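Trainee: I would like to take a close look at a single part of this model. Could you walk me through it step by step?

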Amino acid sequence: MTRNREIHLANRPQGWPTEDTFRLVETDVPTPGPGQIVVRNQFMSVDPYMRGRMNDVKSYVPPYALDAPLDGAAIGEVVASEAADIAVGTTVQHGLGWREYALLDATAARQVDPGVAPVSAYLSVLGMTGLTAYAGLLEVAAMKPGETVFVSAAAGAVGSLVGQIAKLKGAGRVIGSAGSPAKVERLRALGFDAAFDYHDGVREALRAAAPDGVDVYFDNVGGDHLEAAVSAMNLHGRAAICGMIAQYNATEPPAAPRNLALVIGKRLTLRGFLVNDHHDVRPAFVRDVAGWLRDGTLSYDETIVDGIENAPAAFLGLLRGDNLGKMLVKV
């Protein structure tokens, strides 16, 4: 326990990031001060929103600093503690991923029980990913039993949970788009009523899958998916706008959606949201998801890349859609 490896932002990408966007740096393992802990990270998350933080622009979170470690959700074991309420050996979740050892104030860590579920689950189905799916579908989009739900990027970490939660909460029909035939088959195995490969054409495939229209759209993609959803949505339809990964690496304005005038006549609601605004639903989320996991009615997928040195490759793979479910790095 003398050396620490971490991933720094080497430059700000124009368009798609590359391996050269990142730098592997070796430092000393930090020493905790009063009220602080050192965590040996076991897993870290890579997420689409991180691409926006690589740009030096004002947003809802500060941009990453050049020549400094990136950060993001992580989980690990406390190996040194100067905090009275967190002992060495405790498993904690925190926000300083992209490094092997993290130094943080004890107040910034949340203790979790590794006996309840695999620790990686606290970064996926039991973490912000699961809460995003739950709150976005049920609170932001206010899905009602019997409604038709369309989910884009449905084989991803959030989308795959949205579709399953919709079925568990009584949706009449759930449709998902994904990026390969194998992912389409996985969606069907998860209980989606219909699924299609978006490379075959989103508007046509959605029209065939939802002949009676769409009531709720959970958007992870934007662009042509949002345009197709607006066309397919029924009167008073609602869309929860979680992400727009189709344009995160774009250097030109997106070509779609081009039909937003339909929002007026259909009286649609398109509502963007951040999961941090919805912690009030966490008790219901924990109750429901824990029960579904216990009885086997909810499944989750993880794609795990081994080694902190491969975190940039994992992130680039996420942007390409290489993952099934949650993309994680085993540190």
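In what order do the six strands of the open sheet stand, and is their pairing parallel or antiparallel?

Mentor: Happy to! Keep in mind that this is a predicted model. The six strands of the open sheet follow the order S10-S9-S8-S11-S12-S13, and their pairing is parallel. Look at the two edges next: strand S10 (194–197) and strand S13 (269–272) each have a single partner strand, so one side of each is left without a neighbour in the sheet. If you compare neighbouring strands, ignoring direction, they are turned by 15° against each other on average.

Now zoom in on one pair. Strand S11 (residues 214–219) runs parallel to strand S12 (residues 233–241), and five bridges join the two. As a general point, strands of a sheet pair through backbone hydrogen bonds, either parallel or antiparallel. You can find valine 216 standing opposite arginine 238 in S12.

Helix H3 (residues 157–168) touches strand S8 (148–151), strand S9 (173–178) and S11, and the direction of H3 makes about 170° with that of S8. Helix H5 (residues 202–209) also packs on the sheet, where it touches S8, S9, S10 and S11. The direction of H5 makes about 165° with that of S10.

Let us begin with H3. Its axis and that of helix H2 (residues 128–140) are 8 Å apart, and the two helices pack at an angle of about 50°. H2 and H3 are therefore oblique to each other, and H2 passes H3 in a right-handed crossing. On the H2 side, the contact includes Thr129, Tyr134 and Leu137, while Val158, Leu161 and Ile165 are among the residues that H3 brings. Sorted by class, this contact of H2 with H3 has ten nonpolar, three polar and no charged residues.

Now turn to H5, which packs with helix H6 (residues 223–232) at an angle of about 35°, with the axes 9 Å apart. Here, too, the crossing is right-handed as H5 passes H6. H5 contributes Val202, Arg203 and Leu206 to the contact, and H6 contributes several residues, including Asp224, His225 and Glu227. By class, the contact of H5 with H6 has five nonpolar, two polar and three charged residues.

Conventions:
Residues numbered from 1 in each chain as written. Predicted model: local features only at pLDDT ≥ 70, side-chain atom pairs only at ≥ 80, totals over all residues. Heavy atoms only, no water. Pairing = 2+ DSSP bridges. Helix = DSSP H or I, 4+ residues; strand = E, 2+ residues; numbered from the N terminus. Axes fitted to C-alpha atoms, helices over the stretch in contact; angles between N-to-C directions. Contact = heavy atoms within 4.5 Å. Parallel < 35°, antiparallel > 145°, perpendicular 65-115°, else oblique. Left-handed = near helix turned anticlockwise from the far one by under 90°. Nonpolar A, V, L, I, M, F, W, Y, C, P; charged D, E, K, R; others polar.
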